[in-house]
Amino acid sequence: MRTQVGIVGAGPAGLTLAQLLHREGIESVVLEDRSREYVEQRIRAGVLEQGTVDLLVAAGVGDRLRREGLVHHGIELQFDGERHRIPLSDLTGGRTIVIYGQTEVVKDLVRARLEADLPLLFEAADVTVSDLDSERPRISFTHASRAHELECDVIAGCDGFHGVCRPSIPAGVLREYSREYPFGWLGILAAVAPSNDELIYAHHERGFALLSLRSPELCRLYIQCRPDEDLAAWSDERIWAELQLRLGLKGWTLAEGPVLEKGVTGMRSFVVEPMRYGRLFLAGDAAHIVPPTGAKGLNLALHDVRVLAEALVSWYETGSSALLDAYSEASLQRVWRAEHFSWWMTQMLHRSDGGDDFGLKLQLSQLRYVTTSTAAATSLAENYVGLEQV
Ligand SMILES: Cc1cc2nc3c(=O)[nH]c(=O)nc-3n(C[C@H](O)[C@H](O)[C@H](O)COP(=O)(O)OP(=O)(O)OC[C@H]3O[C@@H](n4cnc5c(N)ncnc54)[C@H](O)[C@@H]3O)c2cc1C
């Protein structure tokens, strides 16, 4: 088998890259080790920056997103028993965020790929990449019990944090930067209409909580927990009680409903540099992870593949590798901005173990500043909706 671009991973990054390349007449094969059902049901991100929405619409997969996505113009920060609105659109010249689940983004991309009858192989096992520093890098894999080898011009490693592409790069090439956080998020998806029209980020002495949503009928809620929290110790009743404590306000109650899904996610910041080795280009979570507090992971993944697709188009059209050579550096600029913003939001909103009172006072001061100074609120807002230049 032979293709122009071999794409490992059918998450948002791999599928969007395949779609962007298809629109430019560039062939690709997407290999995914999980089933279609698994990939389409994996509940994760839900906040899309305006640039992400524009990219999906321009790529021809934005019809349902436009119809069903919920456009938001602000978020709320809650601390010291009060809620304060950050008017994102007013502070950023009208830019917005759109609430549309990652599950839906993935479904739209999978459908577009399969309807166009283009190669997307689910349950591809034993994927390995080789000859990365040659002009003919290869991917070998097993599909439907048969071994295959795919020869490519380039390989896009879009296989997430636990994928095979990044570890296939020889030792000493990549530099890793990382930070582990001493907490995680216990998240639920609940079948109940959201009790608030906008997201609420709550700072509380018992720990952070977030009210988010996926649709007019589905709520996504999180509470800060230990990174190794035992989910079995959290009945639905206990989770709702904790959410009521952390999100509750005088005169406002959080509506409860059936819990459809729950899980614990650890939090980490991670970046590798460069995002390339020879003819292998890393994109999305394969190259970087952010804690979810800034809602940046999916958006960054799509930004990477936009830059990569443009570079590949230029390479195929002109023969010049200038944009491909600049890919890593260009992507990393935005990656590090998002890394900083996600870290900043995380340390402002979460209680650290040990309940350091000095740290608590600094957090409250920062929250008061962000909610009373237009300059500080604008900084939060422009990062949250996604900076146009970076
Ligand atoms: C709880 C949670 C909440 C989040 N909330 C937000 C949010 O609000 N906003 C936001 O922007 N981001 C959020 N994120 C982050 C976001 O989900 C990720 O950044 C995003 O999924 C990255 O997309 P990706 O395509 O790079 O990687 P992935 O989605 O991880 O996709 C990688 C794909 O590669 C496949 N794969 C792995 N190994 C192999 C292999 N060996 N062979 C073949 N295929 C392989 C995987 O099965 C997967 O389908 C959240 C994440 C979590 C966990």
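**Cavities and cores in a predicted model**

By class, four nonpolar residues, two polar and one charged make up the lining of the second largest cavity, where Pro counts as nonpolar alongside Ala, Val, Leu, Ile, Met, Phe, Trp, Tyr and Cys, where Asp, Glu, Lys and Arg are charged, and where the others, Gly among them, are polar. This is a predicted model, in which local features need pLDDT of at least 70 and side-chain atom pairs count only at pLDDT 80 or more, while totals for chains, interfaces and linings use all residues. Residues are numbered from 1 along each chain as its sequence is written, and side-chain values use heavy atoms, with hydrogens and water left out.

The lining of the second largest cavity consists of Ala-10, Gly-11, Pro-12, Val-39, Arg-42, Gln-102 and Val-106; a cavity here is a set of points, on a 1 Å grid over the protein atoms alone, where a 1.4 Å probe fits but cannot get out, and lining residues have an atom within 4 Å of a point.

The lining of the largest cavity divides into four nonpolar, three polar and four charged residues, including Glu-49, Lys-296, Arg-334 and Arg-337. Helix H9 (322-349) gives the most to this lining, with three residues; helices are DSSP runs of H or I, at least four residues, numbered from the N terminus.

The largest nonpolar core has 76 residues, and those with the most contacts inside it are Ile-7, Leu-17, Ile-139 and Leu-282; such a core is a set of buried Ala, Val, Leu, Ile, Met, Phe, Trp, Tyr and Cys residues joined through side-chain atoms within 4.5 Å, buried being under 20% relative accessible area with a 1.4 Å probe and protein chains only. Helix H8 (residues 297-318) gives the most to this core, with 12 residues.

Methods
Buried < 20%, exposed > 50% of the residue type's maximum accessible area, 1.4 Å probe, protein only. Helix = DSSP H or I, 4+ residues; strand = E, 2+ residues; numbered from the N terminus. 1 Å grid on protein atoms, 1.4 Å probe; cavity = no way out; pocket = protein on both sides within 12 Å on 5 of 7 lines; lining within 4 Å.
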